[in-house]
Amino acid sequence: MTWRAALLLGAGAVTLPAWPAPFLGVALMTGAVLLLVALDWALAAPLHALTATRTGDRVVRLGGTATVTVHLTNASGRTLRAQVRDAWVPSAGARPDVPPGRLLTVEPGGVATLPVRLTPVRRGDRPARVLTVRSLGPLRLALRQRTGRPDTPPWTLRVLPRFDSRRHLPEKLAKLRVIDGVQVTRGRGQGTEFDTLREYAIGDDVRSIDWRASARRCDVLVRTWRPERDRRLVCVLDTGRTSAVRVGDEPRLDAAIDAALLLTALAARAGDRVDLLAADATLRARVTGSGRPALLARLVDAVAPLQPALVETDFELIAGEVLRRERQRSLVVLFTALEAGALGEGLLPVLPRLAARHRVVIAATHDPVLTGLTVAPPAGPDDPYAAAAAWRALAERDRIRTALARHGVTVVDAPADRLAPTVADTYLRLKSLGQL
C-alpha cells in the first residue's frame, strides 16, 4: 500500500464521523479503499516477468569514470510503472542518470536503460549490491517490490591504481638507453657482459687487456663491456600494518604500488625479468615474469585489490619465499616502512640469509609531518612533546638505516611523491655500476 492509499483512509476517518451512522460509513469507506488497492495491485506489472541485465565497463583507473547500464526488459502483457534503485558499495561513487524516485514507464515487450556513472574513490573490486524494482499500479495505490539477488545481475568493477609516476618513464628510459649502450657508453664493471675488442688507448684499465687476442694480432687489444641484460628483479610489497599508515591523502601501500609499477615498466624495457610478491602474515599476491609483453598489465591487475592488513608482517615468510623461488642472484626491492619495531624484530634476523644471495634494496616512504614537527616553533603547550616524539622517531629511523647498511642493504627513504622516481634512479645507478 502506498502513501496515497493511506491518505484516502485518513481522509475517510476524519470526514465520516459526521454521518448518521459513522461506523457503517467507516466500514464502507475502508472497504472501498481496500477494493481499489487490491484492484490496483492486481493491475501492476508482475515482477517475475521482468529481466535485468548489465552492460558496460569492467575496469577503470582510480580517478576515472566508468559507466554501467542496467537493461530492464518488460516481458509481461502490462505496462510497467516502476521505481528502480541500483545499489553499489559507497566507495564506487555511483551516480545514476535516472534518480531512484522517478517513475519509469515501460510498455509491454519494451526495454528500459538505466545508466549509472561510477567514479570510485578506492582501489580494488567495487561490486554492485542489489537491484530493487518497485512496480506500481495505474492508480499508484499499491505496489509490488522485489529486492535481492534474483533481480541483481552480478557485476564487479575493478579499480586499478592511478600510476601517476608513469610521467617519469620517458626520462628514466632515456637514462636507460645511455646505460644500455644505445647512446654509446661502454665501460668495464662487475657483472657486465663482453661486447667487442679494440686497440688499447692510453688511460684504459690494464685489467681489460685480452692477452691471447693481443698475441694473435701482435697488438695490444682490450675488451669493452656493456651492462648485462636479462637480470632478475623481485619487487616485494609489505601489506602489513605499517602499509596502512596514511602519508598525505593515501595509504603508504598506494605509494609503494605506484613505485613498483614504474620500476617494473623500466626493468621490463631493459629486458630484465621481473617478479612481484605481496605479503603480510600470508602471501597475498604473486606475479612471475613470464610473458613480458603483458607483464605490466598482469601486475596492475594483481595489485589492484590489495589492501593493508592490520597484522605484523612475517619477514621470515617473505625471505623464505624469495630464497625458494629465486635461485639466481637478483635485485630484491622491499617496499616497507623504516620502523624500528617491525624491521628490527622481523627483518634484521633473516636479512643475513637474504643479503648473502641477493642484492637488497629497502624502499620506504617517510611522513613529512615528522620533519615539520622538529622545525616548527612551538605554538601551544603540547607542541614540545610532539617535537620530542618526532625527534625520537627520526632517531629510530636513522638507527635502523645504519643497521641495514651494515648488511650491505641500500636504503631509499623518500617522500611519497618522490619515492617512485628515487627507486627508479637507484635501479639505474646499480645497473650502470654492474651491481645487480
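**Close-up 1. Helices H5 and H6 cross in a right-handed way.** This is a predicted model, and the view here takes in H5 (residues 252-269) and H6 (residues 295-303), whose axes come within 10 Å and cross at roughly 165 degrees. That angle is over 145 degrees, so H5 counts as roughly antiparallel to H6.

**Close-up 2. Here are the side-by-side partners in the contact of H5 with H6.** From H5, look for Ile257, Leu261, Thr264 and Ala265. H6 brings Leu295, Leu296, Leu299, Val300 and Val303. Sort these contact residues by class and you get eight nonpolar, one polar and no charged.

**Close-up 3. The largest pocket holds about 460 Å³ of space.** Its lining is made of 26 residues, and those nearest the centre are Asp164, Glu250, Ala255, Ala416 and Asp417. Strand E15 (250-251), H5 and helix H12 (419-432) are the elements that each give two or more residues to this lining. H5 turns up again here, giving the most, with six residues.

Close-up 4. Helix H11 (residues 383-405) gives the most to the lining, with five residues. The classes here split into seven nonpolar, seven charged and two polar.

Technical notes: Residues numbered from 1 in each chain as written. Predicted model: local features only at pLDDT ≥ 70, side-chain atom pairs only at ≥ 80, totals over all residues. Heavy atoms only, no water. Axes fitted to C-alpha atoms, helices over the stretch in contact; angles between N-to-C directions. Helix = DSSP H or I, 4+ residues; strand = E, 2+ residues; numbered from the N terminus. Parallel < 35°, antiparallel > 145°, perpendicular 65-115°, else oblique. Left-handed = near helix turned anticlockwise from the far one by under 90°. Contact = heavy atoms within 4.5 Å. Nonpolar A, V, L, I, M, F, W, Y, C, P; charged D, E, K, R; others polar. 1 Å grid on protein atoms, 1.4 Å probe; cavity = no way out; pocket = protein on both sides within 12 Å on 5 of 7 lines; lining within 4 Å. Points joined across faces, edges and corners; volume = space filled by probe spheres on them.
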